[in-house]
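Please have the sequence and the view open while I talk.

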Amino acid sequence: MKAIKLLLTIIVIAGLSIKSHSQTFHAIVFADTDDPKIGASVKRDMEKIQNEIGMIVSSTRMWLNGYYHSGREANKEQLLTVLQNLRCEPEDVVFFYYSGHGGRAVDDRSKYPQIRFKASDSEAYPMSKVDEVIAAKRPKFRIVMGDLCNSISDYLSVKSETGSGKSVVENDVYENLFKNVKGSVLVASSKSNETSIAFPDGGAFTTCFLNELGRIVSGNQQADWKVLLEKTQKATVKAANHTPVFEVNVNSGSSQSASSSTPVTGQQTNNSFLNALINMADNGGDRNQRVRSVQPVLHEYFDSPHSIVEIFGRDGKTRLVRENAQEFLERVSTSYKLINFVELDVKKTNGGKITYVKLHEIYRK
Amino acid sequence: MKKIVYILIFALSATLFTPLKAQTLTLSDKEQAEFKERINTMLETFLNDLSSIGSKDNSIEFKKAVIKSTLRNFINNGDPYRDSSGYLKKEPHMQTSVLRNGKEYKNKLPIKTYLNNLMYIRYEKVTITMSETLYLSNLYKVGDHYEANATYFQYFRGEHGDGRLYQDKTKKTIRIIVQIEEVYGKKVFVVRFGDIDVVQTVA
Amino acid sequence: MTKKVFIKTVLFALLVSTYSACNGQTVKPIAKDAVALHFGDTVATVLASPSKVRAYILTMEKPTQKSRTVGGFTIKKNLGNVSATAYSILQFLLQDAANYAPDSVGVHKCYFEPYLAFEFAKGREKVCVLLAFNCECWGVVYNDKRIEAPYLCHRQLLRFAHGLLPDDRYINKLLTFMEDEK
């Protein structure tokens, strides 16, 4: 009887993970966290960007398809696979972010650099090509962003010739910057012949971009991509003496608001563990059901009730809570205003059970 | 000449002793902000938990789960505890107050007792909210841990089944303890609540 | 009287140094040559007065059986001996402490890919100076150990390189960008 109950609960949880709404936020993040020189800084970039993505999907209530690749997984082959397998609906948003090494060939015409996963020329891939491939999938809105050098290397060869885009238009904060827009944004952290700087707490460009975005969000200011990127550009020049380059080609799209037709069950993702947590949190679910789902979720995803869960702040650095899996789930099941989670790191057994997970929690205001 | 030399020696010796400094928690501005936000969230959650425990809309099963989770936010899960010197300390308490005929009556209860009583409170519906921004002091080192004080205003609203209403606004202070635990070589800051006291109650 | 004054002076000096030590201050060392500070005394000695300096253009291709290497990188072209007049500019730039970027500047997000190498020889000692224009870093290789450091004299180094290789496509391209920025 217990086993049947457990099975039913798992089916319900899994069933809720199936996409049942219209707009998806595809987050493709590649980060060279293993590099001995810049790896630590890039890791910080990745954590901060993941947190920001969590905030974006929480605010806009889009389904999240996250493709996060770091360390050994951050390579050209993996990038090509992800881009090839990317499936977009006309209302979808694609956000691509890369942090790591970069450069340009002597004869490169595009103002955007090549992503360099390794020192070898064959492992380089132009940012503009990433933009092209994603554009071909026809999402409603795409952002291609890179924090990498754009300096000229005699060793690199030209990979492709691509055209450039054009200009502007208007909008608001998370909803309007990421959801109610059509078009594209392409941005690299430095202009031709410039290097990009990595500080211990993250890339100069990434840090400046997130700071400016945070300022706009917290001040609930009127903003559009052009204003945001101009401010980012200024801040980056001041902080690290290199100039980001960008193209904004954005129109305000039809507002597909998450209206009465969309049940308030919180954001769903392609990560079933996070889906289980979202369903257990304060997203309008039945309270008794939330409490009863603690044991099934514990058995489904964790190696033991003593597996470690650490909660970090928005900076991805400040450890706020350290508890065991049982305590964590019990807390989530009775939580207030807790609506979403960002998974920053996870360790699993060979059988796929979690022994350690590092999370950032997102609360409704 | 001798006197001058001796004065010089004395003056130099005096400067060798560095002055004692007040030991505040050396958190960076960002860490302070993160912790402040965390404490704010914990407190808001705690007050909402009190509403949940007091509400007739929730099952005993849910209320018990909330109490279990809430108690983890208190020192030693709301039980008596030993301080760093080994002395046994009383469990954290919740001080409540009620206004009757314009007069304030206060009462202190161990937090566990308070929460269990709240499960069976006579009101049909209970709403407890934080009405104004939390004031949080800096974190100061006390013995082997750090402490701060938070002051907040709490709105209590109790509705009887027959429509009668009791509401008040109370200024409360809560002791915040931040313990540093080392786990697998990592330093973890653990935030816990201590005593909650009433400063003043108004209608 | 003299003995008393001497003892008091010694005591006074001891107190001063103890005071400094207790406050975490150290007696300031005599200013070292920037090369010695960053790369070591032996390197500084070799770079200061070499008997011969040779220059090379490098490639990042892996070395084959036929190719030679210098400083751990494959030689694309041997430029031969460099005159004292020419390499004195490089010495001058290396020896100026102001040309070394402080730690606060951060790390460049590009691979260290030196285009030029200068092999300084003094007796049996050899020191190789590598110039990586793509990431505005120079490196020194001594006893097969390489130390890299970001520099702040990009324009001057490019001009120096241009002086040696006025028709080099890569150097000219970099200089064009620099001139455009003015």
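How many residues of chain C are in contact with chain A, and how many residues of chain A are in contact with them? Before I answer, please keep in mind that this is a predicted model. The contact joins 19 residues of chain C with 27 residues of chain A. On the side of chain C that touches chain A, the elements that give two or more residues are strand 4, residues 107–108, and helix 6, residues 169–181, both of chain C. Helix 6 of chain C supplies the largest share of that side, namely 5 residues, and by class the side of chain C that touches chain A has 10 nonpolar, 4 polar and 5 charged residues.

Let me turn to the contact between chain A and chain B, which takes 18 residues from chain A and 21 residues from chain B. On the chain A side, two or more residues are given by each of helix 9 (287–292), strand 14 (319–324) and helix 11 (325–333) of chain A, and helix 11 of chain A, with 4 residues, gives the largest share. That side of chain A has 4 nonpolar, 6 polar and 8 charged residues.

Strand 13 of chain A, residues 308–312, pairs with strand 14 of chain A in the antiparallel sense over 5 bridges, and the bridge partner of A:Phe312 in strand 14 of chain A is A:Arg319.

Now to the interior of chain A, where buried residues make up 51% of the 365 residues. Strand 7 of chain A has 7 of its 7 residues buried, so this strand is largely enclosed by the rest of the structure. A:Phe141, A:Ile143, A:Met145 and A:Asp147 point one way from strand 7 of chain A, while A:Arg142, A:Val144 and A:Gly146 point the other way. Strand 7 of chain A runs parallel to strand 3 of chain A, to which 7 bridges join it, and it also runs parallel to strand 9 of chain A, with 6 bridges between them. A:Tyr97 stands opposite A:Met145, and A:Gly146 has A:Ala188 in strand 9 of chain A as its bridge partner.

Finally, in helix 4 of chain A, residues 127–136, the buried residues are A:Met127, A:Ser128, A:Val130, A:Asp131 and A:Ile134. Why do they lie on the same side of helix 4 of chain A? They do so because they cover an arc of only 155° around the axis. What covers them includes strand 3, strand 7 and strand 9 of chain A, among other elements.

Definitions and conventions. Residues numbered from 1 in each chain as written. Chains lettered and ligands numbered in written order. Predicted model: local features only at pLDDT ≥ 70, side-chain atom pairs only at ≥ 80, totals over all residues. Buried ≥ 20, exposed ≤ 12 C-beta atoms within 10 Å, placed from the backbone. Contact = placed C-beta atoms within 7 Å. Nonpolar A, V, L, I, M, F, W, Y, C, P; charged D, E, K, R; others polar. Arc of directions from axis to C-beta. Pairing = 2+ DSSP bridges.
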